[in-house]
Amino acid sequence: MSLENFMSFAKQCLRPPGEGVYTVSNAKERKDQLHQKLYGDHLNVQDAWLTSLKAGLSSNPARVAALGICSDTGGGIQRGANWGPLFLRQAMIEQQQWNLLDLGDVFVVPQVLHDKYLNQETITKIKKSIYNDENSPYPVSPLSITEEAVRLVNESFSQVKLFGIGGDHSISYSLVKAWAQAASRKNKKIGLIHFDAHTDLMIERLGIDLCFGTWVPPIIPLFDSPSDIFQIGIRSSGQERSHWENKFGLHQLWAEEIKASGLESSLNKLDRYLSEKNFDEVYISFDIDALDASYAPATGTPEFGGLAPHEAKLFLEIVGKHCKVSGADMMELAPFVQIFDNPQGQWSTFTSAASLSQTMIELMDKN
Ligand SMILES: [Mn+2]
């Protein structure tokens, strides 16, 4: 029954991989290329996707499943992260690293973010347009649909761990929220390891409390203690580290501290933190701007002075050494953003993101 529930949700709210960005003729070649790689010469992509989805979800072995969320409505400096899921899949396929169960993409109406910001009239109109049913029980905005997707997967397929691909970082609000609620129902002691150049700790930005800069505060109460959240790579902030740590009670390791005290001692710091915390399960949220802008310029707010990909990988491995990683995401990949004059920017961003995603998926697969 719950497989049927999920399949009807998928038919309404999800689309085949790469199809979450609504286009009629644009990007057709790129989407076709991905479908050819995933489903061979299948003429009907929708059928091929639903068949593989059903088979994947009804088989028992534990596995990692990918969910693309092609929304950049919660972003705001440079948009374009809606193309992240399609491009990351392609990069990982090129590196022969795509052997996940692919749930597909959340179907995104690009002008809406979360259902709580919409009036009833708008919700009804969107339901009529995208579900052909103004009384549909499903939500209509990307963050709300994402939350429902994670909830349904956790409820019915406990063998599946979700890897989310963004999209702007507001999506992690939904991913982490639904993951944390599922874990706390099982009485698990949970932690969040968050890689980012920015703290994402604003209470509101221009009055919006769920966006790329504000998604962390609303998820803090879902942890036993704010100190169960550890942020790595912070460097672009109007406030000092002590301001954030005192205000919120979480831990931060800034990029300049990593440079000043050396990689070894910074890795040890995370190592000690994780041994003391002894989490049952952790979630890793990775904003690609945690990497230095020379490696990852194709993102909404690239920042210099950040981590090199191999340094980020070492931090991830420390997490995997201590903890069961039961959820993860890769966020803020914006292939068409070109802020700096760097012709290799798109390539290096996606090569780095693909290999770090692969590391996170391996950690999730491991236990
Ligand atoms: Mn972020």
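Glu257 has a relative accessibility of 17% and so counts as buried, the cut-off being under 20%. The model is predicted. The side chain of Glu257 meets that of Arg241 in a salt bridge. Glu257 belongs to helix H9 (residues 255-261) and Arg241 to helix H8 (residues 241-248), so the pair ties together parts that are 16 residues apart in sequence. Arg241, at 30% relative accessibility, counts as partly exposed.

| Pair | N to O distance |
|---|---|
| Arg89 and Asp102 | 2.7 Å |
| Asp228 and Lys277 | 2.8 Å |
| Glu257 and Arg241 | 3.2 Å |

Asp228 and Lys277 form a salt bridge. Asp228 is in the loop between strand S5 (190-195) and strand S6 (229-234), and Lys277 is in helix H10 (residues 263-277), so this pair joins parts 49 residues apart in sequence. Asp228 is buried at 0% relative accessible area, and Lys277 counts as buried at 18%.

Arg89 and Asp102 also pair in a salt bridge. Helix H4 (residues 84-94) holds Arg89 and strand S3 (residues 101-106) holds Asp102, 13 residues apart. Arg89 and Asp102 are both buried.

The chain as a whole has twelve helices and nine strands. Buried residues make up 61% of the chain. There are 33 positive and 44 negative side chains, with the centres of the two sets 4 Å apart.

Key. Residues are numbered from 1 along each chain as its sequence is written. This is a predicted model: local features need pLDDT of at least 70, side-chain atom pairs count only at pLDDT 80 or more; totals for chains, interfaces and linings use all residues. Side-chain values use heavy atoms; hydrogens and water are left out. Helices (H or I, at least four residues) and strands (E, at least two) are DSSP runs, numbered from the N terminus. Buried means under 20% relative accessible area, exposed over 50%, partly exposed in between (1.4 Å probe, protein chains only). Lys and Arg count as positive and Asp and Glu as negative; His and the chain ends are not counted. The place of a charge is taken as NZ of Lys, CZ of Arg, CG of Asp or CD of Glu. A salt bridge is a side-chain nitrogen of Lys or Arg within 4 Å of a carboxyl oxygen of Asp or Glu.
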